[in-house]
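Welcome! Take a moment to look at the sequence and turn the structure around before reading on.

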Amino acid sequence: MPCNSTAPAGVHVAPSVRSDRNAGAGDPSSSSSSSQSEAPKGKQRRTTVPERPDLPINLWSIMKNCIGKELSKIPMPVNFSEPISVLQRVTEDLEYADLLETGSKLSTLEQMCYVAAYAASNYSTTCHRTNKPFNPLLGETFEFDRMEDLGWRSVTEQVSHHPPAAAHHAEGRGWLMYQDFTMTSRFRGKYLSVIPIGFTHVVFPSTNSHFSYRKITTTVHNIIVGKLWIDNHGEMEITNHTTNEKCVLKFIPYSYFSREQPRKVYGIVRDSEGIPKYVVQGTWDKSIDMLKVASWNGNHDKPKVEVDETSLKRIWTAHPLPKGAEKMHNFTKFTIELNEPEDGVAPTDSRLRPDQRLMENGEWDEANKKKLEIEEKQRIVRRRREAEKELAMKRGDKYEEYEPTWFTRVQDESNGALIHQYKGGYWESKERHDWSKCPDIF
């Protein structure tokens with residue numbers, strides 16, 4: 001199951017796709033998805049990270065006592081990690097944020113196609129990456145300001161420790177994106193499944209469109225024997241809460257006996273009356289196309305559609321991995337930039353986490369020692385808060401629960417779920433060089 005294989009994406013690819021894509025280069029409705037490769041203006045960013053040491057380790061010797069446990073509660077040495085945090089991994093969703101900028105200029109049904117392509121693109125690197133990111137500490141943050149070159153900026157904060165939860169807010173030219181990221185996970189011996197909880201929201205002020213969707217399940221296979229490989233599978237329902245237009249995007253699970261193309265993604269975009277208008281198809285590791293629906297069978301429960309092949313448009317193509325990526329954690333060019341040291345960030349920023357930095361530099365023994373120190377510091381703080389809470393309850397006093405620094409918990413108007421909403425102030429604090437609100441976590 002090689003990633004970025006040369007097999008065609010979807011049910012049919014017209015021979016004229018390449019020429020159509022080149023011809024539409026100046027068309028605002030076309031998406032090049034190549035913002036990383038066009039040498040954007042702005043600061044010069046690093047293009048490599050230190051090579052990962054080739055150190056053998058017995059995975060089973062550690063995992064055999066963890067069957068049935070939550071992934072977040074399994075103590076893992078840095079040997080199984082990649083040198084980015086979960087907050088940076090969540091921010092990595094924005095590698096193809098140019099899809100959202102393009103979508104902001106289109107009709108609501110076309111916007112749905114681009115949101116679907118963006119949602120699929122979030123998984124494009126997972127087949128290369130079998131190591132886990134660092135679990136953030138409570139109060140840890142990560143900012144990524146790419147307004148100057150890519151037209152967007154993002155801030156993420158770890159807002160809960162048990163259960164682990166991160167809140168993410170990003171804004172760009174013509175769009176707004178926010179999400180709560182938490183998950184459940186179970187290790188079953190042969191495989192490990194990660195089930196995300198919470199919604200991702202995309203808002204386009206130009207059309208007042210508000211989209212939301214839940215992420216799908218990711219499963220890591222061959223935990224005990226064989227080479228690790230990852231599959232993403234499930235159904236993702238994307239809803240435009242403004243127009244009631246919907247798309248059910250299906251991530252087809254891999255099966256040795258199936259004739260389906262590996263990593264296939266297929267979805268039908270329907271208008272507010274449930275009539276199919278577009279088909280979105282491709283693979284989550286390579287590319288996504290959109291096509292107009294020419295006709296359908298009229299069955300709302302099990303629609304079968306015929307597409308207009310001449311309308312096929314490639315709207316997303318995955319960036320190739322940089323040279324030598326297999327020695328650099330299989331990071332993309334964008335991911336390499338995430339943990340680059342940067343001046344002026346909050347003292348809680350993931351870039352400043354010492355064990356993660358030691359691990360990136362190949363100093364794994366020191367990183368494991370520092371990781372234990374940091375985690376013990378966090379446990380001491382948690383035990384103190386638990387003791388204070390218990391004492392307050394005995395006295396009948398009100399106890400102030402932990403409050404995130406940059407986010408506040410509210411009820412989402414679109415679906416009634418509780419979410420963490422960005423309350424502002426981060427970028428203003430950065431301008432003033434005032435980080436007095438930040439806790440001491442490292």
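At 12% relative accessibility, Arg 45 is classed as buried; buried means under 20% relative accessible area, exposed over 50%, and partly exposed in between, with a 1.4 Å probe and protein chains only. You are looking at a predicted model, in which local features need pLDDT of at least 70, side-chain atom pairs count only at pLDDT 80 or more, and totals for chains, interfaces and linings use all residues. Residues are numbered from 1 along each chain as its sequence is written, and side-chain values use heavy atoms, with hydrogens and water left out.

**Around Arg 45**

You can find Arg 45 in the loop between α1 (17–23) and α2 (59–63). Helices (H or I, at least four residues) and strands (E, at least two) are DSSP runs, numbered from the N terminus. Leaving aside residues up to four places away in sequence, Arg 45 touches Phe 144, Asp 145, Arg 146, Asp 149, Glu 337, Glu 340 and Glu 342, where contact means heavy atoms within 4.5 Å. Lys 333 is 288 residues from Arg 45 along the chain, yet their C-alpha atoms are separated by 9.7 Å.

Now move to strand β9 (residues 209–214). Five of its six residues are buried, so β9 is largely enclosed by the rest of the structure. The table shows its pairings; two strands pair if DSSP finds at least two bridges between them.

| Partner of β9 | Sense | Bridges | Residues facing each other |
|---|---|---|---|
| β8 (residues 199–204) | antiparallel | six | Thr 200 and Tyr 213 |
| β11 (residues 229–240) | antiparallel | two | Thr 239 and Ser 212 |

Four residues lie between the strands in the hairpin of β8 and β9, where Asn 208 takes a positive phi near 60 degrees.

**A cavity beside these strands**

On a 1 Å grid over the protein atoms alone, a cavity is a set of points where a 1.4 Å probe fits but cannot get out, and lining residues have an atom within 4 Å of a point. Grid points are joined across faces, edges and corners, and a volume is the space filled by probe spheres set on the points. There are three cavities of 30 Å³ or more by this rule. The second largest cavity holds about 40 Å³ of space. Which elements give two or more residues to the lining of this second largest cavity? They are β6 (175–187), β7 (191–197), β8 and β9, and β6 gives the most, with three residues. Among the lining residues are Thr 200 and Tyr 213.

Definitions and conventions: 1 Å grid on protein atoms, 1.4 Å probe; cavity = no way out; pocket = protein on both sides within 12 Å on 5 of 7 lines; lining within 4 Å.
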